Amino acid sequence: MTVMAVKSSISITPNWRFSDNPFHAQYSLAPLPRHREPLPLLLMNYQEAVAYLDQFQFFKIKLGLETTESLLAELGNPQNQFKIIHVAGTNGKGSVGATLLAILSAAGYRTGFYSSPHLSSVRERFRIGADFITEADFTQLVARLQTFLAGRAAPTYFECTTILALLWFKEQGADTVILETGMGGRLDATNVVTPLLSIITDISRDHEQYLGTTLAAIAGEKAGIVKPGIPVVFSGRAPEAVPVIRQRCHEQKSPLSMYGRHFYGHRNRHGGFDYFPIKGPPRTNLPLVLAGAHQAINTSLALAALELLASHFSISTDALVDGLQQVRWPGRMEMFSLAAQGQQLRFLLDGAHNLAGVEALYHSLRQEYPRRRLLLVWGNMRDKLLQPALLELMKLTTEVIFTQAESVRSASPDALYTQLPPSQRRTTRCADTVEQALAMAMATAGAEDLICVAGSLYLVGRVRQLLLGELAS
């Protein structure tokens, strides 16, 4: 890391083009900006970089494009340097993005993937192929961002990570970037791009205080990513959302392809995946490694997108199969076994954190693990109204342990417990920490049982970190 040398009204800025913008990688001599005092580029380690970025968590959620657009313009609009696939929706964004990433990477394209939230490390948000951003690259980018933002209005955490991602993808020479929205679409920080194609996954109720209280209103926010003339792939499974997306596509003259009408896919009786494309013959018995019935839909959305982008990406059958075999999306219906207490214990981690996600988990557990004794470790955020779906899920369980991943935004275990009907309390316990909850579940689980962790991605991330270590290691 280089420290800025300051002398009189001239700054010598090694490695960057001018002192007002440390993201231009050349040497030069530049006059200092008159509107603020020169600031040194701080020496920073990785932990300090994370801490600096974390301070932006304290800003309230602020939807809007103005800050991101203006900052990116000052930085040279790095988002214009690569092809982009933009993904919005309530559930399934990450699975679709991970599938696209795996296939495009297998086909030889240097593909970036920006996703959120992360499970345990912010570095998980930034990937090229199978590789997460390194601690060194992350630290350098954050240090430069800190210098750049001095004297400017503070962006939100998500605006910061979006800018960092686009800068990193540019500097790493990405061919293509899969960009996942954080919340909604219309006013999401990622909506400053003009993509090759937009994908809208399943739409359901979530973040209603920001996006609206009806599916039609929420769909209107998701539809905001539709750009003039840019093709759209849509799951189309929520009847209230369909006319909203159709109307937006009609207004923007954007070709719309919908699951179930123009293409579809399903698991076959042999466990493979059959895809029926927009045009051409079916692709049968493809790999589908992600668990859950809903993943057939997510995989179909990814394949339909690549079909529409065939003029941009050449993907052989071998690359398609290889990519589908390599798809991984940790913390979402993720099953594994670990040796503990002299036996193999089975775990299922699922980041289900809204009604549709919990319902999908319920159906998957009922269909795929009907005979296992089920122990549920559960914690959700205070603003999530999940009790109806949770009560249904509890019907499948032998025991439930409530806990919380962190104290600021998570519902307390006692609060969750008191909301239960008396009949459900007999098989429910509370644990103050995730470590205690995990120890309690493992102490009572047998080799044939299943420990399921769900309710919050923060909880799933902490449990995964404790059991398997950091994902971005």
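Colleague: Is Tyr 259 buried or exposed?
Modeller: Tyr 259 is buried, with a relative accessible area of 17%. Keep in mind that this is a predicted model.

Colleague: Where's the cut-off for that?
Modeller: Buried means under 20% relative accessible area, so Tyr 259 at 17% counts.

Colleague: Which ring does Tyr 259 form an aromatic pair with?
Modeller: With Phe 263, in an edge-to-face arrangement: the centres are 5.9 Å apart and the planes make an angle of 75°. Phe 263 is buried as well, at 1% relative accessibility.

Colleague: How many aromatic pairs does a search of the whole structure find?
Modeller: It finds 12 aromatic pairs. One of them joins Tyr 52 and Phe 56, again edge-to-face, with 5.4 Å centre to centre and 85° between the planes.

Colleague: And those two, Tyr 52 and Phe 56, buried or exposed?
Modeller: Tyr 52 has 13% relative accessibility, so it counts as buried. Phe 56 is at 5%, which also makes it buried.

Colleague: Which rings get linked into a cluster?
Modeller: Tyr 46, Tyr 114, Phe 126, Phe 138 and Phe 158 are connected by ring pairs into a cluster.

Colleague: Which residues have the most contacts inside the largest nonpolar core?
Modeller: Leu 53, Phe 126, Phe 138, Leu 149 and Phe 169, in a core of 40 residues. Phe 126 and Phe 138 are also in the ring cluster.

Colleague: Which elements give two or more residues to this core?
Modeller: The helices are α1 (46–54), α2 (66–74), α4 (135–149) and α5 (157–171), and the strands are β6 (126–128) and β8 (176–180). The most comes from α5, with 10 residues.

Colleague: What does Phe 138 touch?
Modeller: Leaving aside residues up to four places away in sequence, Phe 138 touches Tyr 46, Ala 49, Val 50, Leu 53, Val 122, Phe 126 and Ile 133.

Colleague: What's in the second, separate core?
Modeller: That core has 35 residues, among them Ala 98, Ala 296, Leu 301 and Leu 324.

Colleague: New topic, helix α8. Which of its residues are buried?
Modeller: α8 runs over residues 242–252, and its buried residues are Val 242, Ile 245, Cys 249 and Gln 252. Looking down the axis of α8, the buried residues fall within an arc of 110°, so they line one face of the helix.

Colleague: What follows α8?
Modeller: Lys 253 does, and its phi is positive, near 55°.

Colleague: Let's do charges. How many salt bridges are there?
Modeller: The count comes to 10 salt bridges. In general, side chains of opposite charge can pair when their charged atoms come close.

Colleague: What does Glu 435 form a salt bridge with?
Modeller: With Arg 462, the closest N and O atoms being 2.5 Å apart. This pair also links distant parts of the chain: Glu 435 sits in helix α15 (residues 434–444) and Arg 462 in helix α16 (residues 457–468), 27 residues apart. Glu 435 is partly exposed at 36% relative accessible area, and Arg 462 is partly exposed at 27%.

Colleague: Which charged residues lie over the face of a ring?
Modeller: Arg 152 lies over the face of Phe 148, at 4.1 Å from the ring centre. Lys 83 lies over the face of Phe 313, at 5.3 Å from the ring centre.

Colleague: Last one: where is Ser 116?
Modeller: Ser 116 is in the loop between β5 (111–114) and β6. At 12% relative accessibility, Ser 116 counts as buried. Not counting residues up to four places away in sequence, Ser 116 touches Arg 125, Phe 158, Glu 180, Thr 181 and Gly 182.

Technical notes: Residues are numbered from 1 along each chain as its sequence is written. This is a predicted model: local features need pLDDT of at least 70, side-chain atom pairs count only at pLDDT 80 or more; totals for chains, interfaces and linings use all residues. Side-chain values use heavy atoms; hydrogens and water are left out. Rings of Phe, Tyr and Trp (its six-membered ring) pair if their centres lie within 6.5 Å; planes under 30 degrees apart count as stacked, over 60 as edge-to-face and the rest as tilted. Buried means under 20% relative accessible area, exposed over 50%, partly exposed in between (1.4 Å probe, protein chains only). A charge sits over a ring if NZ of Lys or CZ of Arg is within 6 Å of the ring centre and within 35 degrees of the ring normal. A nonpolar core is a set of buried Ala, Val, Leu, Ile, Met, Phe, Trp, Tyr and Cys residues joined through side-chain atoms within 4.5 Å. Helices (H or I, at least four residues) and strands (E, at least two) are DSSP runs, numbered from the N terminus. Contact means heavy atoms within 4.5 Å. The arc is that of the directions from the helix axis to the C-beta atoms. A salt bridge is a side-chain nitrogen of Lys or Arg within 4 Å of a carboxyl oxygen of Asp or Glu.
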